[in-house]
Amino acid sequence: MEARVSQSLQLSSWIKSDKVVRKPGGCLRFSVKWNEKLMHRTVISCHLQPRKANRRVALKVSCSSHNVQASVLESECITASTDEIETLKNKSEEVEEYLDGRCIYLVGMMGSGKTTVGRILAETLGYSFFDCDRLIEQAVGGTTVAEIFKLHGESFFRDNETEVLHKLSAMHRLVVSTGGGAVVRPINWRHMHKGISVWLDVPLDALAKRITAEGTKSRPLLHEESGDIYDKTLKRLTTLMETRGANYANASARVSLENIAVKKGKDVCHITPTEITLEVLIQIENLKKQESVVVL
């Protein structure tokens, strides 16, 4: 089945108008050729709401265009200090030329924070944000990932995932949150290597705690078995990591939450999405430095 990505999501970027071709049934596909001038724009807005008590602000990230409601693409409020926001902005300016509009793909285990960090990163860079899982859900008529696995199987889901990554890889200035298993297929890496991939590496015990707190119903690869939910979640995550660990290592850069915790002198579970986003930018900057050394 061809991945069918809804208009409200595919148009949330700078897209030249003839790049999008309507197909029967209301879905869209990307044409091969670019036009010279016409483009469709999505606005990513940031609203800062001061909180005088602790000098922190609520960073509200939302996406919209003149044809698409912001609610369709989801908004999220994230608390960050004004200093953190300024640091993020400065660091983003330092890597902007190096990125040159290339897409950034966030990879990692389920629950590693790819979606939350991706939204902050996209807002900071002035990029658009896409969540592969949400795109696939939209393509299958709003069916959840868990339901897709149950009704059609994992292979069906992975085929659609590959098609979505293929289409996104033809675009620019995107931050893409990928599914936890997207790294297994080599063809997906061919698409992601057109941009920069970043692995969010979170200790498994911290992941298990986070997923257990959120609930496992939306995680199709976490079996509904009897026993302690934390123990069985940690066991399953360990098995998945043994299978995927080498695949995650194919990423252009690695962001280790353990390393961030050491630098910040805090527990991994207390690291904020803003701190992780800053580390993503730092690791991208390190890529720039490494390539400069190679050139010299």
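This is a predicted model: local features need pLDDT of at least 70, side-chain atom pairs count only at pLDDT 80 or more; totals for chains, interfaces and linings use all residues.
In strand β10, the residue that forms a bridge with Tyr 105 is Val 176. The protein has 12 helices and 12 strands, and buried residues make up 51% of its 296 residues.

- Strand β10 (residues 174-177) runs parallel to β8, and 3 bridges join the two.
- Strand β11 (residues 196-201) also pairs with β8 in the parallel sense, this time over 4 bridges.

**The largest nonpolar core**

- Which residues touch the most other members of the largest nonpolar core? They are Ile 104, Leu 168, Val 198 and Ile 284, out of 67 residues in this core.
- Helix α12 (residues 273-295) gives this core its largest share, with 6 residues.
- Leaving out residues up to four places away in sequence, Ile 284 touches Val 95, Tyr 98, Leu 99, Ile 104, Ile 196 and Val 198.

**More residues of helix α12**

- Glu 285 lies in helix α12, and with a relative accessibility of 12% it counts as buried, because the cut-off for buried is under 20%.
- Beyond its neighbours within four places in sequence, Glu 285 is in contact with Lys 91, Glu 94 and Val 95.
- Not counting residues up to four places away in sequence, Pro 273 touches Thr 116, Val 117 and Ile 120.
- The C-alpha atoms of Pro 273 and Lys 114 are separated by 9.4 Å, although these residues are 159 residues apart along the chain.

- Which residues of helix α6 (residues 145-152) are buried? They are Val 145, Ile 148 and Phe 149.
- Looking down the axis of α6, you find these buried residues within an arc of 100 degrees, so they line one face of the helix.
- Lys 150 and Leu 151 are exposed, and they sit on the face of α6 turned away from its buried side.
- Among the elements covering the buried residues of α6 are α5 (132-139) and α7.

**Two positive phi values outside glycine**

- Asp 100 is not a glycine, yet its phi is positive, at about 50 degrees.
- You can find Asp 100 in the loop between α3 (82-99) and β8, where it is exposed, with a relative accessible area of 62%.
- Arg 173 is another residue other than glycine with a positive phi, in this case near 55 degrees.
- The loop between α7 (154-168) and β10 holds Arg 173, which is partly exposed, with a relative accessible area of 29%.

**Cysteines**

- A disulfide is a covalent bond between the sulfur atoms of two cysteines.
- How many disulfides does the count come to? The count is 0.
- Is Cys 103 buried or exposed? Cys 103 is buried, with a relative accessible area of 4%.
- Cys 269, by contrast, is partly exposed, with a relative accessible area of 42%.

**The protein as a whole**

- Among contacts with a separation of 6 or more, 66% are between residues 24 or more positions apart.
- The accessible surface comes to about 14,700 Å², and 51% of this belongs to carbon and sulfur atoms.

Note on methods:
Residues are numbered from 1 along each chain as its sequence is written. Side-chain values use heavy atoms; hydrogens and water are left out. Two strands pair if DSSP finds at least two bridges between them. A nonpolar core is a set of buried Ala, Val, Leu, Ile, Met, Phe, Trp, Tyr and Cys residues joined through side-chain atoms within 4.5 Å. Buried means under 20% relative accessible area, exposed over 50%, partly exposed in between (1.4 Å probe, protein chains only). Contact means heavy atoms within 4.5 Å. Accessible areas come from the Shrake-Rupley method with a 1.4 Å probe; for residues, only the protein chains shown count as cover. A disulfide is a pair of cysteine sulfur atoms within 2.5 Å. The arc is that of the directions from the helix axis to the C-beta atoms.
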